[in-house]
Amino acid sequence: MRPLLLILLSILTSVALGQDDCLSQFKEIESKAKSLKSVYYKEATQKLDSLGKACSASLPMEKKDTLALIYHKKGVYHYLLKEYIASIKSYEQSLKIRLNDPQVDPVLIGHSHLNIAKAHKQMRNFAMAKEHLLTAYDTLVLHNNYKRTGESCHELALVLWELQDFYPALDYADQAASYYKLAGQTRSIKKNQAAILLLKGVLQAELVHIEAAKQSYSQARMLYQELGLDFQVSKCWNNIAELYYQQKHFDSAILAYKHGLALLEKIDYLKSPEASQMYNGLGVCAKNLKMMFQAKVDYQKAYSIAKEVYANENHPDIARIQENLGDFHLAERNSWEALTYYERAIQAMLPYYLPKSHNGLPDEVVFDLPKINDSTFVNGDYGMLLRLIHSKANILSELSFNKRHIFLGKDREELKEIALRHYLLADRLLFRMRKEQLHVNSHLYWVEKGKPLYESAITHCFKMNKLNEALYFAEKSKASILLQGLKTREIAKKSPEFQRVLEQENQLKTEVFSLENQLRDAFNKQIASDSLQKIQGRLVRKRIELHQFVFDLYENHYKYFKATFSYDDEYLREDILHGDAVVFLPGDKAKTAIQFFEGKKKSYAFFLQEGDSQKYKSWMLEVKWNRETLKKFIDLINDPSKASKKEDLGNYKKWAYELYSDLLGSMEGREVRNKLVFIPDGSLQRLPFEALLTARNAANSYKALPYLIQKFNCSYAYSLAVLEQSRAFPEDEQWGVLGVAPVKFPKQESFTFLPKSREEVKNIVGKWSGKSLIEQKASLERFARSISRYKVIHLATHAFARREEDGLPFIAFADTQLYLPQIYGLRTDAEMIVLSACQTLEGKDYQGEGIMSLTRAFRFIGVPSIVASLWQADENSSYQIMIDFYNGLGEGIEKDEALRNAKLSYIESSEQAFPFYWAHMLHRGSTEPIKINPERNYSLLFFLGIILLFAVGMIIFRRRS
């Protein structure tokens, strides 16, 4: 009987329905759903499914909009029931109909993409969500639908936040706020405005924009209070508390958490995820205030609520509580208990990783290594998973070297290897995160996150006496973005199409930079707020355009980016981790590379050299130096007024020898090559090593001191991998030297007159052949147009470095300035650039990547050899050193040796041997000799050719006569 009824029902539902019938039945179902809400949603989806089939069979093509509406609403109900796959299918049916309808409103198509994206986001399928959201944005922004456009930007910001690509997420959040403002002031719009402000605050807090985050949270809280939404106000208090915690204002954080909990209690919502999060936060604050009993009570409350709220233990909130309990036990010095809690947190984040037992967690489970690859589902944010694996590795390392601990079935050497594998796993996770970021600042964010991990890993490897493994981690903490840029340009040279789109990207970046400059000038000039808002709007829109371009670029040229991102990882793993630590110097046995790693607790030096015997063996050691001594030493040699004071000479001798002993003293008594390549880190990036003293000395003048440069050639590099990429170019058709000397500068700029620079450029170009751009000819436009034709570029001008957030390093030309971001858009195949200007090695220091200087930017665009300055140079001494440097290059010697000889010549011949005058110019990159082809004078050749033809013609004419 039942099958017959089902057949009859099928026949009845397939009866043809007219347009009015379809619409009438649809409205009836929708009306009932609005009144009964979730109770009726399941039945509504079934009825809409039957109605859709009936209408599909009967409605003509021009009436399919009703059918699209039916499937759309069905998708909505599936979404509300958390049936996301079914929701996506229904939305896609609706979208398919709308795309085939030439009369459809494009806004409806954008709306369909927006809803599909929301469902994908709920399933954590962020790649698909992002793709649909970009399509929705492109469709909606063209048709001035401010509310839906704002929603698409809002959802994009949320997706990018989940992907932890924070900088573009913040740009989309700004854009969403702008569109919501244009959409009006209805209640639903105000709710959206408050939500986007809350999200902006989260992103700003993550990026440590503390004051901006405070303002966003405050505005969101006031809007929610106006709307009478106590639950959302409590979320604002929760976020404000987290901000206080971030600033280590623990008492203020506790008060904010209690404000939030009071509101939750008022609306009878204490058994909620939000309450669990707040108790967890209270526990963290109590632990930091050493109120350990209270912390334990708060953690237990948080855990009991979370366990009641969530169906199982596999939830990020539970993982976060377990992590904090691990930190709690670690603070109590209960390492084993901390280890088990970290393991439970990892299991909560990786629901498919259940090594032995999930609940009992036997002792052997904590030794297991989670399996994480590109397809692994992570239940929560990657930053927390990275912290957990790092924390677990640290405890395993500690226990493996602690003889008091006994482990069932594990000897200490095996446990050391297990800890090392956890550090390597954390490194792979960090690499995965970097690979998924498209914004350079997001890359920098994750590079900075990796520095503490690499410090712990190097310390573990040092204790195990594993040089190659320690060096691998040290390399991963240096110039990885620079290396990626070099590889990108190398790949682009082989692909005209890829080169073209990269140039388009650089053009967009230049436009963004120009608007940022306009905005900065507008703030400085305090122009009207409406004009300021217009510039801000244009800037955000241009940033959005850039983000979308980069998304498309990554998707359409994935194979290139895959090669770009994996290059540094493959090189380091194969050649250092699993190979030979000195592979970067194949066949070059005349160099010793000295790489430093500066951590917060421990710092290390690696001395790497290749040789035929045991005496040239590489080594590593922990190094300690007085940071205050280093700062005083650098301040001393940066100040020419200190040159004549005996007291300062005494300090110089004391500090210079102390730093040499601390940093390089281990070379004494060993066989060391006569060419040193320094790869500094942290505070050492601003130290000219050649100015250190190799012995104590009683001399009464700087001329008689035993400088390091007197014993060794010195050059510098960003990392071993970048050094390996610094190869000299083969012989080509490039001409000689392009010399640039503006000499005079615009009146509005406070740059001093540089008369020696004219003489410097004329002298160098005169000997080496090439082209001079002097005074008004030294414009930025002419420079940019000429640099692709010359093998050597010499800039004798002013340059300024900025370490502040709102300042950018720049080089001065006769008409304007070349700022650091603009350098990335230049194209050149020059083999060497000499920046005979002030502070061209200076800039903002990004932990884990290095100083963002003008020098680094030129290295990024492919120049393998650069000479640049650490501080404000003296014009006369710089002139003499540069002339002698080029004379040495003309003799065919290597660049580092030529610079060393020029400095030694200055020390010997000058009355002023204070290092301020000679130690500022450093060489980075390839040291190979340089051979410059003389520039061909085609006008002269043409003239000589005419004369030759005329002579030959005259000879022939005379013979015939």
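Helix 8 and helix 10 run roughly parallel to each other, a label given to angles under 35 degrees, with over 145 called roughly antiparallel, 65 to 115 roughly perpendicular and the rest oblique. Helix 8 covers residues 146-162, helix 10 covers residues 187-206, and the two pack at an angle of about 25° with their axes 11 Å apart. Those axes are lines fitted to C-alpha atoms, for helices over the stretch in contact, and the angles run from 0 to 180 degrees between N-to-C directions. On the helix 8 side, the contact is made by Lys 147, Glu 151, His 154, Ala 157, Leu 158 and Trp 161. Helix 10 answers with Ser 188, Ile 189, Asn 192, Ala 195, Ile 196, Leu 199, Val 202 and Leu 203. Contact here means heavy atoms within 4.5 Å. Sorted by type, the residues of this contact come out as 9 nonpolar, 3 polar and 2 charged. In that sorting, Ala, Val, Leu, Ile, Met, Phe, Trp, Tyr, Cys and Pro count as nonpolar, Asp, Glu, Lys and Arg as charged, and the others, Gly among them, as polar.

Before going further, keep in mind that this is a predicted model, where local features need pLDDT of at least 70, side-chain atom pairs count only at pLDDT 80 or more, and totals for chains, interfaces and linings use all residues. Residues are numbered from 1 along each chain as its sequence is written, and side-chain values use heavy atoms, with hydrogens and water left out.

Now zoom out. The protein has 35 helices and 16 strands; these are DSSP runs numbered from the N terminus, with helices being H or I of at least four residues and strands E of at least two. Of the 961 residues, 55% are buried, meaning under 20% relative accessible area, while exposed is over 50% and partly exposed is in between (1.4 Å probe, protein chains only). Take the contacts between residues at least 6 apart in sequence, and 71% of them join residues at least 24 apart.

Back on helix 10, we find Lys 190. Is this lysine buried or exposed? Lys 190 counts as buried, because its relative accessibility is 17%. Beyond its neighbours within four places in sequence, Lys 190 touches Gln 185, Leu 223, Glu 226 and Leu 227. Tyr 180 is 10 residues from Lys 190 in sequence, and their C-alpha atoms are 8.1 Å apart.

Most residues other than glycine have a negative phi. Arg 124, in the loop between helix 6 (106-122) and helix 7 (126-141), has a positive phi near 60°. Its relative accessibility is 25%, so Arg 124 counts as partly exposed. Gln 839 also has a positive phi, near 55°, and lies in the loop between strand 12 (832-836) and strand 13 (843-846).

Tyr 660 is in helix 27 (residues 646-664) and counts as buried at 3% relative accessibility. Leaving out neighbours within four places in sequence, its contacts include Gly 665, Met 667, Leu 692 and Leu 708. Glu 690 sits 30 residues from Tyr 660 in sequence and 9.8 Å away, C-alpha to C-alpha. Asn 713 belongs to strand 5 (residues 713-716) and is buried, with a relative accessible area of 4%.
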